[in-house]
Amino acid sequence: MAAKTGNNNYDVKDIKLADGGKKRIEWADNDMPVLRVIRERFTKEKPFKGMKMSACLHVTAETANLVRALKAGGADIVLCASNPLSTQDDVAAALVKHYDISVFAIKGEDNKTYYKHLKAALDHGPVITMDDGADLVSEIHKSYPKLIKQIVASMEETTTGVIRLRAMERDKALKFPVIAVNDADTKHLFDNRYGTGQSTIDGIIRATDLLIAGKTVVTAGYGWCGKGLAMRARGMGASVIVTEIDAIKALEAAMEGFRVMPMSEAAKEGDLFVTVTGDIGVLRREHFKVMKDGAVVCNSGHFDVEIDIPALKKVSSKVQKGVRAFVDEYVIEQPSSAKASARQGKRIYLLADGRLVNLAAAEGHPASVMDMSFSTQALAAEWLSHRGKASTLTAGVYEVSDEIEEMVARTKLASMRVAIDTLTPQQQKYLSSWQEGT
Ligand SMILES: NC(=O)c1ccc[n+]([C@@H]2O[C@H](COP(=O)([O-])OP(=O)(O)OC[C@H]3O[C@@H](n4cnc5c(N)ncnc54)[C@H](O)[C@@H]3O)[C@@H](O)[C@H]2O)c1
């Protein structure tokens with residue numbers, strides 16, 4: 001039920017969870033030194049004074065620290081969930097109670113509530129929006145065209161969102177500028193690779209208690225997330241198979257020493273399947289039919305469309321929900337010859353309803369890596385705030401500037417006490433002149 005505290009409306013699971021959430025936000029803050037430096041500067045400079053913002057992001061302890069930084073900079077910000085299963089209810093409550101921020105997010109919310117929460121964020125009347133999956137931008141274009149005029153720009157956090165936005169740009173459907181935060185090196189090289197790599201395995205282990213060593217792990221997709229996942233699964237002793245549709249990525253995986261094959265082959269071998277493609281129908285009926293008894297399937301890509309769950313339901317004679325938290329058992333009847341050895345048919349375990357397993361069954365990416373993603377996000381918002389309504393940006397998808405990336409990388413290195421070399425005058429001349437090079 002939506003409620004109100006002070007000036008803020010909110011809809012969270014239980015406001016009494018707030019004190020626990022505050023501890024988790026503070027714990028994450030310890031590992032977000034770059035964002036802390038930015039927050040301290042924002043507190044003094046107030047770059048967002050009087051600006052209304054709406055953010056649709058995974059409501060985690062790390063996101064809470066981003067929102068705190070924006071509020072410290074003077075933003076009047078409302079937060080809603082970018083996925084029905086990724087909300088940390090204690091964090092949502094803490095943001096309302098301890099940080100005076102309107103939050104609309106409940107873990108496990110149904111579709112209707114999810115869209116009601118998006119609506120609440122848009123009813124705030126933002127001039128800057130932030131998305132993880134382009135839901136706010138998409139809703140504004142579909143149902144809130146009146147807002148288009150006042151939007152200075154939006155920011156997009158994930159690969160799937162950027163793909164949606166570039167498709168809108170291509171079709172001339174995008175009506176305001178968007179910054180592709182995901183495409184910054186300080187974001188996808190670290191968050192998608194090391195963040196998703198580690199937290200996906202974390203989610204799988206928390207949900208199943210599976211021993212990764214000795215298992216055959218099939219990674220569908222060898223993009224930034226898939227690379228991180230394959231690397232970490234191998235590091236834990238798994239034999240890793242990669243499936244791809246892109247020849248160059250497949251070649252990279254093969255030269256990295258992974259087995260590469262079509263899913264029709266991999267489906268027969270895998271013990272654990274993880275989709276991270278951003279694509280639809282990656283695991284389908286024909287794959288479920290040939291999987292081994294006890295196979296575990298899950299997804300870490302943005303939308304819950306990578307595993308064809310309706311097809312899995314259709315081929316199953318029995319579904320037992322919640323055999324453990326975030327684990328559903330699907331039983332597929334075997335042909336009669338195989339049946340003799342299989343007690344009750346073949347079992348396939350689906351994790352987290354096919355939604356982002358790292359956010360649903362674990363806590364999402366560690367704070368240290370979100371420090372970089374959200375610092376890039378906060379600085380991109382500041383860059384936009386300087387432009388305000390007099391923005392010279394036309395509708396389209398824009399990159400994060402090199403200066404922002406440089407600042408984030410250098411501050412992160414300093415926080416890790418890692419020093420690097422500087423070009424000597426001779427090296428500068430050598431590298432910048434075409435007359436050198438002999
Ligand atoms: N779980 C998380 O916290 C998290 C974090 C970042 C990104 N994401 C999401 O993960 C997904 C992947 O992101 P990314 O940055 O790795 O993208 P990417 O574009 O770098 O990689 C995706 C890869 O999947 C491959 N692919 C596409 N269709 C395929 C198919 N049918 N079979 C096999 N491979 C296929 C592509 O060729 C590409 O190499 C996106 O949906 C993104 O939004 C999730």
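I began with helix H4, which is mostly covered: nine of its 11 residues are buried. I noted the buried ones as Asp89, Asp90, Val91, Ala92, Ala93, Ala94, Leu95, Val96 and Tyr99. I keep in mind that this is a predicted model.

**After H4.** What follows H4? I found aspartate 100, whose phi is positive, near 60°. Most residues other than glycine have a negative phi. I placed aspartate 100 in the loop between helix H4 (89–99) and strand E5 (102–104). Is aspartate 100 buried or partly exposed? I read a relative accessible area of 42% for aspartate 100, so it counts as partly exposed, since buried would need under 20%.

I looked up alanine 352 next. Its phi is about 50°, positive although alanine 352 is not a glycine. Alanine 352 sits in the loop between strand E16 (346–351) and helix H15 (357–360). Alanine 352 is buried, with a relative accessible area of 3%.

**The seven-strand sheet.** I traced an open sheet of seven strands. I wrote its order as E5-E4-E3-E6-E7-E8-E17, and the pairing is parallel. Which strands are at the edges? They are E5 and strand E17 (396–398), and each pairs on one side only. On average, neighbouring strands of this sheet are turned by 20° against each other, direction ignored.

I then took strand E3 (residues 52–57) by itself. Why is E3 called largely enclosed by the rest of the structure? Five of its six residues are buried, so the rest of the structure largely encloses E3. I followed its pairing with strand E4 (residues 76–81), which is parallel and runs over six bridges. I checked two positions along this pair. Serine 54 stands opposite valine 78 in E4, and cysteine 56 stands opposite cysteine 80 in E4.

Helix H6 (residues 135–143) lies across E3, strand E6 (128–131) and strand E7 (153–156). H6 runs at about 125° to E6.

**The eight-strand sheet.** I traced another open sheet, with eight strands in the order E11-E10-E9-E12-E13-E16-E15-E14. Here the pairing is mixed. Strand E11 (259–260) and strand E14 (318–324) stand at the edges. Each has a single partner strand, so one side of each is left without a neighbour in the sheet.

I looked at one pair inside this sheet. Strand E13 (residues 295–299) and E16 pair in the parallel sense over three bridges. Valine 296 stands opposite tyrosine 349 in E16. Helix H9 (residues 224–235) lies across strand E9 (216–220), strand E10 (239–243) and strand E12 (272–275). I noted an angle of about 175° between H9 and E9.

**The ligand.** How many residues are around the ligand? I recorded 27, of which Thr158, Thr159, Thr160, Glu244 and Ser300 come nearest. Helix H7 (159–170), helix H8 (185–208), H9 and H15 each supply at least two residues of the shell.

- An N or O atom in the side chain of threonine 160 is 2.5 Å from a ligand oxygen.
- A backbone N or O atom of cysteine 225 lies 2.9 Å from a ligand oxygen.
- A polar side-chain atom of lysine 249 lies 3.2 Å from a ligand oxygen.

How much of the ligand does the protein cover? I noted 88% of the 870 Å² of accessible area that the ligand has on its own.

Terms used: Residues are numbered from 1 along each chain as its sequence is written. This is a predicted model: local features need pLDDT of at least 70, side-chain atom pairs count only at pLDDT 80 or more; totals for chains, interfaces and linings use all residues. Side-chain values use heavy atoms; hydrogens and water are left out. Helices (H or I, at least four residues) and strands (E, at least two) are DSSP runs, numbered from the N terminus. Buried means under 20% relative accessible area, exposed over 50%, partly exposed in between (1.4 Å probe, protein chains only). Two strands pair if DSSP finds at least two bridges between them. Contact means heavy atoms within 4.5 Å. Axes are lines fitted to C-alpha atoms, for helices over the stretch in contact, and angles run from 0 to 180 degrees between N-to-C directions. A residue is near a molecule or strand if one of its heavy atoms lies within 4 Å of it. A polar contact is a pair of N or O atoms within 3.5 Å; within protein, one must be able to donate a hydrogen and the other to accept it, and residues adjacent in sequence count only if both atoms are side-chain atoms. Accessible areas come from the Shrake-Rupley method with a 1.4 Å probe; for residues, only the protein chains shown count as cover.
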